[in-house]
Amino acid sequence: MNAYEEYMKTIANGMRSELTNHGFESLESTESVEQFFNHIKNDEITFVVINSVCGCAAGLARPAAVTVATQNEKKPDHLVTVFAGQDREATEKMREYIAQVPSSPSMALFKGQSLVGFIPREHIEGRPVEEICMDIKEYFDVHC
């Protein structure tokens, strides 16, 4: 691993832990994403955060995801995350399930393997964190 990759891994670990410290499972390989979706039941709800190192992930996406996932009355069965730019293969595999315009950060809600909600980067970037929380809350309240 070169110095740049080592530096980015060190930075990303702190950003990854902002989610994993609050119950999100980090899927870091193609196999871990496939295994996750192969074992999920059709009626189980999964909230996915595609994490990234950008400012809108740090100041908006991660705080909104953690706030709603930990405080909302209705919660999904599973919380998972992949890290764009760090876990490239896992992120690409997750994006196959999402089947939307790739963006990071972004968030998705699944019932089984069916996508029931998606919040792309353009609905995160430049918006107040409270509005993003309300978008996530609405998905949770309807589907969980």
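The model is predicted: local features need pLDDT of at least 70, side-chain atom pairs count only at pLDDT 80 or more, and totals for chains, interfaces and linings use all residues. Residues are numbered from 1 along each chain as its sequence is written, and side-chain values use heavy atoms, with hydrogens and water left out.

Begin with the sheet. Helices (H or I, at least four residues) and strands (E, at least two) are DSSP runs, numbered from the N terminus. Five strands form an open sheet. Their order is β1-β3-β2-β4-β5, and the pairing is mixed. β1 and β5 (114-119) stand at the edges, each with a single partner strand, so one side of each has no neighbour in the sheet. Two strands count as paired if DSSP finds at least two bridges between them. Strands of a sheet pair through backbone hydrogen bonds, either parallel or antiparallel.

Now take the pairings in turn. Strand β1 (residues 25-26) pairs with β3 in the parallel sense over two bridges. Ser26 stands opposite Thr81 in β3. Strand β2 (residues 45-51) also pairs with β3 in the parallel sense, over six bridges. Here Val49 stands opposite Thr81. Ile50 has Val82 in β3 as its bridge partner. β2 and β4 run antiparallel and are joined by six bridges. In β4, Lys111 is the bridge partner of Ile45, and Ala108 is the bridge partner of Val48.

How well covered are these strands? Buried means under 20% relative accessible area, exposed means over 50%, and partly exposed lies in between (1.4 Å probe, protein chains only). β2 is mostly covered: seven of its seven residues are buried. Ile45, Phe47, Val49 and Asn51 point one way from β2. Thr46, Val48 and Ile50 point the other way. Strand β3 (residues 78-83) is mostly covered as well, with five of its six residues buried.

The helices come next. β2, helix α3 (residues 55-71) and β3 make a right-handed β-α-β unit. A crossover is right-handed if, with the strands pointing away from the viewer, the path from the first strand over the helix to the second runs clockwise. α4 lies across β2, β3, β4 and β5, running at about 125 degrees to β3. Helix α5 (residues 129-143) lies across β2, β4 and β5, at about 160 degrees to β5. Axes are lines fitted to C-alpha atoms, for helices over the stretch in contact, and angles run from 0 to 180 degrees between N-to-C directions.

Two helices also meet each other. The axes of helix α2 (residues 30-39) and helix α4 (residues 88-98) come within 7 Å and cross at roughly 35 degrees. Contact means heavy atoms within 4.5 Å. On the α2 side, Thr30, Val33, Glu34 and Phe37 meet Glu89, Ala90, Lys93, Met94 and Tyr97 in α4. These residues divide into five nonpolar, one polar and three charged. In this count, Ala, Val, Leu, Ile, Met, Phe, Trp, Tyr, Cys and Pro are nonpolar, Asp, Glu, Lys and Arg are charged, and the others, Gly among them, are polar.

Aromatic rings link some of these parts. Rings of Phe, Tyr and Trp (its six-membered ring) pair if their centres lie within 6.5 Å; planes under 30 degrees apart count as stacked, over 60 as edge-to-face and the rest as tilted. The structure holds five aromatic pairs. The rings of Phe36 and Phe37 have centres 5.4 Å apart and planes at 90 degrees, so this pair is edge-to-face. Phe36 is buried, with a relative accessible area of 11%. Phe37 is buried at 0% relative accessibility. Phe37 and Phe110 form another edge-to-face pair, 5.1 Å centre to centre with 70 degrees between the planes. Phe37 lies in helix α2 and Phe110 in strand β4, so the pair ties together parts that are 73 residues apart in sequence. Phe36, Phe37, Tyr97 and Phe110 form one aromatic cluster.

Two loop residues close the tour. Asp43 sits in the loop between α2 and β2. At 56% relative accessibility, Asp43 counts as exposed. Asp43 touches Asp77 and Lys111, not counting residues up to four places away in sequence. Pro105 is in the loop between α4 and β4 (106-111). The peptide bond from Ser104 to Pro105 is cis, with omega near 0 degrees. Most peptide bonds are trans.
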